[in-house]
Amino acid sequence: MLPIYKKLFGSAPKDVQAAVQDKPERFKGAKTIGGVLLGVSLCGCAFAFICGAINGIQNGFTFWQFFARFLIMLYLYKAFDMVCFDWLLLTKSHFFQHYFPEIEGCESLKKYGFNLKSQIAKLIAFPFVSLLAAWICTMVV
């Protein structure tokens with residue numbers, strides 16, 4: 001089983017993945033708090049999607065209105081991910097280098113777009129996910 005930090009850096013560039021080392025907790029329960037915060041953020045994303053579906057059902061949305069709503073939600077989520085996490089936190093602010101100083105010299109942190117293939121795959125998949133979600137919501141109505 002991979003150490004927790006190797007799992008969290010699974011989408012990071014290969015040189016960063018190789019440099020990251022597992023560390024002892026800074027304080028007792030730090031990893032637990034991090035896991036809870038990660039779970040809360042994932043539940044928050046799912047909750048927003050569900051609230052959008054429920055609101056659309058209550059307001060009698062058509063298939064295309066649901067599709068547009070879900071597509072906009074997913075693309076805004078991805079824009080936030082690409083701007084705030086990939087560009088700001090990883091390449092500009094040196095946020096992760098503060099906690100993982102061993103990744104300071106990694107070349108790929110200087111390049112925005114290190115995970116471009118993964119991002120493009122998600123951007124291509126989002127319309128299909130939105131179609132499926134819209135179809136499910138219209139079947140409920």
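## Helix α6 and its surface

Valine 140 sits in helix α6. Helices here are DSSP runs of H or I with at least four residues, numbered from the N terminus. The model is predicted: local features need pLDDT of at least 70, side-chain atom pairs count only at pLDDT 80 or more, and totals for chains, interfaces and linings use all residues. Residues are numbered from 1 along each chain as its sequence is written, and side-chain values use heavy atoms, with hydrogens and water left out.

Valine 140 has a relative accessible area of 55%, so this residue counts as exposed. The cut-offs are under 20% for buried, over 50% for exposed, and partly exposed in between, with a 1.4 Å probe and protein chains only.

## A buried serine

Helix α6 covers residues 116–140 and also holds serine 130. Serine 130 is buried, at 0% relative accessible area. Leaving aside residues up to four places away in sequence, serine 130 touches Phe67, Phe70, Leu71 and Leu74. Contact means heavy atoms within 4.5 Å.

## The cores

The largest nonpolar core has 11 residues, including Phe67, Phe70, Phe126 and Cys137. A core is a set of buried Ala, Val, Leu, Ile, Met, Phe, Trp, Tyr and Cys residues joined through side-chain atoms within 4.5 Å. Helices α4 and α6 each give two or more residues to this core. The largest share, five residues, comes from α4. Another core lies apart from it, with 10 residues, among them Phe9 and Leu90.

## Aromatic pairs

There are six aromatic pairs. Rings of Phe, Tyr and Trp (its six-membered ring) pair if their centres lie within 6.5 Å; planes under 30 degrees apart are stacked, over 60 edge-to-face, the rest tilted. Phenylalanine 63 and tryptophan 64 make an edge-to-face pair, 4.9 Å centre to centre with 85° between the planes. Phenylalanine 66 and phenylalanine 70 are stacked, at 6.0 Å and 15°.

Phenylalanine 66 and phenylalanine 70 lie four residues apart in helix α4 (residues 63–92), about one turn. Phenylalanine 66 is buried at 0% relative accessibility. Phenylalanine 70 is buried too, also at 0%. Ring pairs link both to Phe49 and Phe61 in a cluster.
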